[in-house]
Structure formats: structure tokens, C-alpha cells
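I went through the chain contacts and then a few spots inside the chains.

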Amino acid sequence: MEKKVVFNEEICKSCSLCVEVCPTNVIFLADYLNGKGYRPAAVIDQENCISCAKCGQICPDTVITVFRPVKKEQMV
Amino acid sequence: MGKVLMKGNEVIAEAAVHAGCKYFFGYPITPQSELVAYMARRLPEVGGVFLQAESEIAAINMVYGAAGTGARVMTSSSSPGFSLKQEGISYLVGSELPAVICNIVRGGPGLGNIQPAQSDYFQVTKGGGHGDYFLPVLAPSSLQEIVDLTQDAFNIADRYRTPVILMGDGMLGQMMEPVEFLDPKSEELPEKNWATTGTRGDGGPKIITSLELDADGLEQRNKHLQEKIVEMKKNEVRYEMYKTDDADYIIVAFGTVARIAMNAINKARQDGVKVGMIRPISLWPFPEKPFVETRDRVKSYISVEMSAGQMIEDVRLAVNGHAPVDFFGRNGGVVPSQEEIYHKIMAVAGGIEV
Amino acid sequence: MTMKTVFQKTKGLTDKPTHYCPGCTHGVIHRLVGEVLEEMDILEDTIGVASVGCSVLSYEYFNCDMTQAAHGRAPAVATGVKRVLPDRFVFTYQGDGDLASIGISEIIHAAARGEKITVIFVNNAIYGMTGGQMAPTTLIGQKTATTPFGRDASVQGSPIRVCEMLSTLDSTAYIERVSTHDVQHIQKAKKAIRKAFEAQKLGLGFSMIEVLSTCPTNWGLDPNESLDWVKDNMVPVYPLGVYKNKME
């Protein structure tokens, strides 16, 4: 499925604010490192993301871009 | 327009307005407060802005902000207030911002008094604030000269992107003489495309800063500043020579002291002593040429200052050991009389220590 | 399935990754300012004044003309800019050392003169950049590098409440204190910042938003604990709310 949250892993600093703020607990710190030596925040369980964008808003580094699926408009 | 009788402090202000200065931020301090008050009345008349700042520190930083927008802007103060501005001046230099800063010097150090002095010479000619830099310093000795040098100051500032000091003393600031404000000569000056005026229609954001955390980068910046210094040394020297062609003794004096010394020189000449004067008009770059021309044929120089001896060091450097350099000075706000200077000349000429 | 973008980086910020510590809310506050400038469509008419502190490099992050001011002097620099360019938007971005210590004179007088600028005051009760020394806004009992035994009112006095103090000045137009300790408060902070710039747009006078912020590194707490520390310790001492409002 299309991603609801996309993480710019290279600029993540592992602060974990997004991990704590996510209401459905889908964010975690990956077990690999980015170029700066931080474990970037990541989401695997995109299904359970509700696109609330709390993660995006709490992130000090604007790592996260959030999308919401919209039903295609009914053709008139 | 014709000549007008005006007070020195007000001449500086009017000259600045004639040079296109529309913004002035300053703080009252004797003996330059009339300059501040004049700007308060005059700038609204020309669509400019005058603001009394809460301190000299705030004033120099307002100048920094205004200069960053590309405007011609000025501030003025006197010795203790001028000391307060040093950090701000260093920032102006490091950020390459043009501005004119006037220092009407008074007795010091510390609170001192309000009488005339020249004891800020070191402060204005040796940088003054932290870091490697020199500032062009112009020292008028008459009110008409103030008009011309103020115009020059703004042009030098814009040409090289540097603050420029206009240095007077309490006597110059308070005296009244007839002056004429002629239209400034037009000059080709570089465009200020670095100015922070918003990015609408002109590409990416402009940044004005003197911060450079990378040492190699900062060294490069300094190299650039030093290159400007070399250019200014070549192009911005100003001085006057008075009766030096046949002189055995040469007085070195600037500002008010030069005028007093001139009378002493004339009297000494009447009494048979061949004495002349080198009058630096740019204190920085200090004029070396007149010393190179005279140092192998004069018996000695006499530096005359309203200080304990500051310009004398630059005189010695320029003379470079070719001739003796003597000194006469009064400080603490005392103005030397022409009699005192005359006696010094006669004593030096007669081989007597005074 | 069509995907609609719900949240993305604002054009008000450049692409440069910030140097701030992990979890430091400077990044959040930068984003709010950037978003407000973009949404009001005034980014290209804005000149920001960077101050000295952790945010000294903020001129690399805001996507508008920026000028770097000496420590504490940003309100004076902003005055110079705004007096020459009254139709542009001018803001300063200052920390608690810059604004409330060395710059206390400049902020009081810019506010007293009613300078039509917007001040973003980031209060984290400590000096971050220089290694965690006491700030004028450090709390009683708070341990810092220069109050190793905890701030003691009988020795170091008490914290300064800047919003309250400046609100006594008649020419201030909009002053509000907000916080960044959770998403709800971050959203409120953005609304406040917007109001402050609206006040500038209307030419009403001086506007300032004090934002309670974190310093995980010098507080010795992790980023999430730091947010709680703001809520539990700073908000009681620095009450949130509007202190001056000429907007209605």
C-alpha cells in the first residue's frame, strides 16, 4: 500500500519524540544507523497509521511527511 | 546657496543630510548632543528617520541593522560612548557594512570631562574593537572641511563597504563658522545587492553575518578585509603641508590643534625659525609620503597633540629613525595655547629641552 | 488510492539540516515561524534577525533575508531594519540569555518604543550553547553549571518573567506565552506566532511570543522527559496565556 508516513532517515536524530507521541504506536527506532550515526525513526506497520500527523508536528527536524488516503471522488 | 553661520556639531549633521544620509540613531553625550538634536529636527524634513536610542550600544546596533538594508546611516558620540560602540563597530567591519560614525573627543580616561581632547587617537586608528582591522579616520580642522570630509566619509564607506570614523573634538563641535553646502559631486559607487531588503523578485535569501566557524574560511574572510585595507592605504590618504618646503622643523598636528599651531608657526617664522607643519587629514591611512619627503632634510619633527602622545607613534613609524621626533601635548581637556606651542618650537630650535 | 499530503516541510525553512541537539524544540519553533511566514505569504518581504546562542546559525535555516546581530542587540538591529523598511516584516529570534540577560535593555526599549517588530523569545531556563549556565529565567532550585547547588534566591535572585514585565509598556500590541511540551500546545504556539505577525501587519506595535522550550542536553534529561519537565516545572512559574492584546 502507499505510505502514509515517509521518513527522511538521513536527518533523523533519534530523539524519539515521535515514537512517544504516536497514538497507534507504529513508530520505532530502526536497528540500523544513518550517516550521522543515529538510529532513524521508522514505520513498518503503515496500515495502522491514522495520518494524524502528531509525529510530524513534534519532530524538531521535519523528518516526517504525512499523507492521508482519500477515496477517489465519485464521477458525476 | 551661500554661506551660513553654523555650529560645528550641526554642520556635521547638515553635511550628512546633504550626502544623502537619511537615518540617524544616537544618544546624547556632551559635547556632541547638538548633533543629535539637529538630526531630530532635520531628518523628518527630508523624509528620513531619527531615533534616540537607549544607549550608545543600542545606537550602533541600530546603525548595523539600517546599514544592512543599504541605507546611508550615521551615529555620533563622544569618547566614553564611543568606547561602548567598539563591539558594534567590529561587527560592522566583519559584516562589511558601510556607516559613518562620528566621535567628538573629550577628556578622559573614564568619565573625564567635556572639554576637547585628541586622546582617542589610538582607539580610532588602531582598529578599536576586537579583531584585525583598520578604519578610515578623517579629522577635519575647520567647519568647511567638515562638509567636504563628511561627504567623503559616506563615499568611502560605500566604496569599500566599511565603517568610517569622522573625528573631531569638543572645540570643533562647539565653534561657529560660516560654511557653504555645495551639491555633492556624483560618484560611481558599487550597487548594494547584498542588502537585506526581502527576497521578493531578487533570488535567494541574503545573509549578513560576521560568523564563520570554519577557521580556514575565516582566514579567507580576513584576507579579503586585508586586501581592502591595502586599497584604502593606496587611495584614501589625505594631508596638508604648510610651509614645509624650506622648513628645518616640522610640526605634526591635526584637527583643532593644527589651527592653533599654524599661528604659532607664523610667529616663529617672524622670529626667524623656519618651521612648517604636516597636517594629517586622514589619521588612518596615516600619510607616510610627506614624512618620506621631508625626513632627510629636517632637523626634527614635533608632534603636538591634545593627549599624552598617541599620534607621535605613527609619526615615529613614518619618520623611521631618519630624524628626531619631539612632543608637546596637553591633555585632560586642556587646549594648548599658541604661546605654549610657540615656546616649544623656539626651545627645540634653540636646542633647549622643554 | 490517492494520497493527500497532510503534513510536509514548509518553504519557510531551507533544506539545511539543523545543528540543534536531538529533541531540542528550537527545531519545532523554527518550523512554526517558517509556516506562519509561508501561510501569510510574507516570506519574501521578511527580514529576520538572528541572535547569539544555540540559534546563532538560524540564518541558515530561515528561508528569508537574515542578519546576524551581536549578543543581546537583535531588537536594536531589528529597529534599524524596520525604521528603514517599515513595509517589510521584521522578526528577531532570541534565547533567554540573549533577550533577558545581556539584551534586557534592548528588548525593554524596543517594546517601550512600540517597534513594529515580532520577537520570538525561546525560554528554556538555561544557557545552552555555552554549556548549561544559569539564565535569568533559571528556576529556583534548578542546578546549572553556575548554580551547581541549585539556584538560591538569596544569592542569585529570582527568575524574570519577561511577558509580564513587558506587558506594562503601553506601546506593546501583542504578547503571549506559549509552550512546546505537547502537540496541542505546539498548535497553540503556532496560532500565537501568527497573531503576533498579524499585529505587525496591522502596524499595532511591538509583538512578542515567549515559547517555553527544552534543553535536553543541559538539563540532563532525554527529549521526552524534557517535554514533561517543561509542563511540570516551567509552566507553573511561567503561566501560559495572553498578556497583552490590542488585536480586538
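Before the numbers, one term: buried area is the accessible area, with a 1.4 Å probe, that two parts lose on being put together, summed over both. Also keep in mind that this is a predicted model.

1. **Who touches whom.** There are 2 pairs of chains in contact, and chains B and C share the most contacts. Chains A and B have no contact with each other, and their closest C-alpha atoms lie 20 Å apart.

2. **The A–C interface.** Chain A and chain C bury about 2500 Å² between them, with carbon and sulfur atoms giving 64% of that. On the residue level, 29 residues of chain A meet 28 residues of chain C. How many salt bridges cross between chain A and chain C? The rule finds 0. Polar contacts do turn up, with a count of 10 residue pairs, both partners at pLDDT 80 or more.

3. **What chain A brings to chain C.** Three elements of chain A, namely α1 (17-21), α2 (54-58) and β4 (64-70), each supply at least two residues to the side that touches chain C. The largest share, 7 residues, comes from β4(A). By class, this side of chain A has 14 nonpolar, 6 polar and 9 charged residues.

4. **A strand pairing across A and C.** β4(A) also pairs with strand β1 (residues 2-7) of chain C, in the antiparallel sense and over 5 bridges. As background, strands of a sheet pair through backbone hydrogen bonds, either parallel or antiparallel.

5. **The B–C interface.** Here the buried area is about 2700 Å², 57% of it on carbon and sulfur atoms. Chain B puts in 32 residues and chain C 34. The count of salt bridges between chain B and chain C is 4. One that you can look up is C:R113 with B:E54, where the closest N and O atoms are 2.7 Å apart.

6. **What chain B brings to chain C.** The elements of chain B giving two or more residues to this side are β2, β3, α3 (56-68), α5 (86-94) and β9 (207-208). Which of them gives the most? That is α3(B), with 7 residues. The side of chain B that touches chain C divides into 17 nonpolar, 11 polar and 4 charged residues.

7. **A strand pairing across B and C.** β9(B) pairs with strand β3 (residues 65-68) of chain C in the parallel sense, over 2 bridges. Within that pairing, B:I208 has C:T67 as its bridge partner in β3(C).

8. **The seven-stranded sheet in chain B.** Chain B has an open sheet of 7 strands, ordered β3-β2-β4-β5-β7-β6-β13, with mixed pairing. β3 (49-52) and β13 (282-284) are at the edges with a single partner strand each, so one side of each has no neighbour in the sheet. At the β13(B) end, strand β6 (residues 137-138) of chain B runs antiparallel to β13(B) and is joined to it by 2 bridges. B:L138 stands opposite B:S282 there.

9. **Strand β4 of chain B.** Is this strand (residues 73-77) mostly covered or mostly open? Mostly covered: 5 of its 5 residues are buried. B:V73, B:T75 and B:S77 point one way, B:M74 and B:S76 the other, and all are buried. In general, side chains in a regular strand alternate between the two faces of the sheet. β4(B) pairs in the parallel sense with strand β2 (residues 23-26) of chain B over 2 bridges, with B:Y23 opposite B:V73. Strand β5 (residues 99-105) of chain B also runs parallel to β4(B), joined by 4 bridges, and B:S76 stands opposite B:C102.

10. **Two residues to look at.** B:L218 is in helix α9 (residues 215-235) of chain B and is partly exposed, with a relative accessible area of 34%. C:M129 is in the loop between β5 (118-123) and α5 (153-156) of chain C, and counts as partly exposed at 45% relative accessibility. Leaving aside neighbours within four places in sequence, C:M129 is in contact with C:G53, C:C54 and C:V56.

Terms used. Residues are numbered from 1 along each chain as its sequence is written. Chains are lettered from A and ligands numbered from 1 in the order in which they are written. This is a predicted model: local features need pLDDT of at least 70, side-chain atom pairs count only at pLDDT 80 or more; totals for chains, interfaces and linings use all residues. Side-chain values use heavy atoms; hydrogens and water are left out. Buried means under 20% relative accessible area, exposed over 50%, partly exposed in between (1.4 Å probe, protein chains only). Contact means heavy atoms within 4.5 Å. A salt bridge is a side-chain nitrogen of Lys or Arg within 4 Å of a carboxyl oxygen of Asp or Glu. A polar contact is a pair of N or O atoms within 3.5 Å; within protein, one must be able to donate a hydrogen and the other to accept it, and residues adjacent in sequence count only if both atoms are side-chain atoms. Ala, Val, Leu, Ile, Met, Phe, Trp, Tyr, Cys and Pro count as nonpolar, Asp, Glu, Lys and Arg as charged, and the others, Gly among them, as polar. Two strands pair if DSSP finds at least two bridges between them.
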